[in-house]
Amino acid sequence: MENSNSTIRTVNPFNNEIVKTFDTMSHEQVSSIINKADTAYKSWKKTSFATRSAIIHKVAEIMRKRKRELGELATLEMGKLLKESISEVELSADIFDYYAKNAEKLLADKKLETPFGEAFISYDPIGVILSVQPWNFPYYQVTRSAAPNIMAGNTMVLKHASNVPQCAKLMEDIFIEAGLPDGVYNNIFLPGKDVEPLVSNPKIAAVSLTGSEPAGASIAGAAGSKAKKSTLELGGSDPFLVLEDADIDDAVETAVYGRMWNAGQVCVSPKRVIVPEKRYDEFLDKVKSTFTKLKVGNPMDDDTDVAPLSTEKAARDVVKQIEKAKEQGAHILLGGKRADRPGAFVEPTLITGVTSEMNAYYEEIFGPVFVLYKYKTLDEAINLANATDFGLGGTVFGTDKKKAVEVARQIETGMVYINHVTGIAPELPFGGAKRSGYGREQGEAGIYEFVNEKLIRVTDSHNAY
Ligand code: NAP
């Protein structure tokens with residue numbers, strides 16, 4: 001199993017020590033796994049909902065039972081706070097339960113009104129789904145993709161990020177422990193750069209990727225060239241728009257802790273905080289004082305607020321983005337450097353004065369970096385919120401909820417949350433607009449992405465027209 005040249009390995013970002021290395025799979029190994037998934041599909045698609053549901057409920061049960069062990073492993077591999085890892089495991093279990101409970105109802109035949117005969121939609125599985133997932137939520141990302149598809153009767157080949165191999169393997173083991181037949185869910189160890197050729201394998205029916213824009217473009221391009229369906233969940237630069245009537249204490253607390261969640265490595269993190277001029281000074285003062293309370297430290301400790309980034313490279317890249325912003329004239333009011341300790345830490349950073357001439361205005365910063373903007377009119381604020389190619393999530397903060405909803409309607413993203421950040425729940429859809437991708441995961445919508453919505457129409461031959 002050990003191969004020191006492999007990029008598939010556990011490196012603890014708290015101290016940057018290599019913990020474990022895994023061999024990359026050969027072309028033959030991966031092909032044989034895809035064949036196995038295709039063979040398993042032939043029987044899994046005929047397996048009853050009751051059987052599928054019992055197994056998937058069992059997956060949820062195992063995850064809850066082993067949540068501390070799973071949580072510690074995620075924290076070891078990608079550095080997030082243990083309390084965040086454990087709540088991610090609980091959320092994932094809830095998502096498995098949601099689809100185990102609701103898939104049969106959601107995929108029941110849907111009757112259509114037609115003047116002649118009867119017509120209905122039958123929701124059929126389509127085959128082996130290739131799913132490519134990132135490290136920032138090592139269990140939740142797998143769950144969002146696997147739970148609806150396995151319940152729908154598809155099988156899955158899952159390529160997880162190279163820095164979370166033990167989480168990837170553990171998920172596969174949990175499916176097996178829960179009684180999922182061999183070949184229905186399959187982990188592969190392969191670097192991202194070698195994934196694209198798999199898309200053209202005739203046994204891969206469709207692909208789904210969550211990650212960066214370049215990776216998404218590569219996979220979706222390959223899928224398009226073979227006329228296969230794809231879904232993409234990509235990056236974001238979510239606005240956090242504060243209205244004049246907002247409770248500023250609440251807004252500051254929500255924005256700062258929202259931005260520091262997962263050390264800022266969340267696709268739907270409040271990456272651009274947009275505040276009215278009239279409340280700006282008050283807001284800024286409170287942000288500064290909230291920053292002084294943030295404790296950077298060991299992610300395994302309960303009282304730590306800011307964890308290391310996922311890798312040394314991630315930390316270096318974020319600092320480069322901060323330095324670029326400074327060089328281009330932005331004000332670094334707090335932080336801005338690597339924290340003075342071993343590991344992939346970056347200081348919680350507060351930036352103001354970013355303008356449309358600067359890279360920071362357009363780029364996603366995947367780290368604990370709080371960027372504050374000021375607006376005079378609401379139109380200006382909405383334009384600023386939409387001044388990005390990304391369109392994933394966003395927040396509107398205000399006490400007049402009706403007004404906040406009116407503003408939310410004008411924001412060009414796939415999700416807008418009023419008075420909170422990222423309200424993830426199994427029954428709510430998740431996905432983006434613009435360059436943040438297409439397709440939806442979670443909720444009812446998530447189960448229809450990779451099924452054949454097949455029309456069946458029944459008439460006597462003489463009254464078909
Ligand atoms: P990334 O480099 O794109 O990695 C994501 C996954 O894609 C990994 O499994 C990676 O494998 C693989 N990959 C990399 N290059 C590939 C290629 N050319 N072809 C196929 N697969 C490839 O993403 P990241 O930078 O680690 O993750 C952070 C990004 O993901 C951010 O932009 C974040 O906003 C986004 N994200 C979006 C969502 C959402 O729901 N919209 C959720 C979480 C994260 P290796 O690890 O082996 O390179």
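A side-chain N or O atom of Arg 144 lies 2.9 Å from a ligand oxygen atom, whereas Ala 161 contributes a backbone N or O atom, at 3.4 Å from an oxygen atom of the ligand.

Taken alone, the ligand exposes 910 Å², of which the protein buries 83%, with accessible areas from the Shrake-Rupley method and a 1.4 Å probe.

## The surrounding shell

The ligand is surrounded by 30 residues, each with a heavy atom within 4 Å of it; the closest are Trp 135, Ser 162, Ser 212, Leu 234 and Glu 364. By class, the shell comprises 14 nonpolar, 12 polar and four charged residues, with Gly counted as polar and Asp, Glu, Lys and Arg as charged.

Two or more shell residues come from each of α5 (140-152), β8 (204-210) and α7 (213-225), and α7 gives the most, with three residues; helices (H or I, at least four residues) and strands (E, at least two) are DSSP runs.

## Position between domains

Because domain 1 (9-234 + 436-456) and domain 2 (239-418) both give residues to the shell, the ligand lies between them; the domain bounds come from an automatic or database assignment.

## Basis of the values

Residues are numbered from 1 along each chain as its sequence is written, and side-chain values use heavy atoms, leaving out hydrogens and water. As the model is predicted, local features need pLDDT of at least 70 and side-chain atom pairs count only at pLDDT 80 or more, while totals for chains, interfaces and linings use all residues.

Definitions and conventions: Polar contact = N/O pair within 3.5 Å; in protein donor to acceptor, adjacent residues only side chain to side chain.
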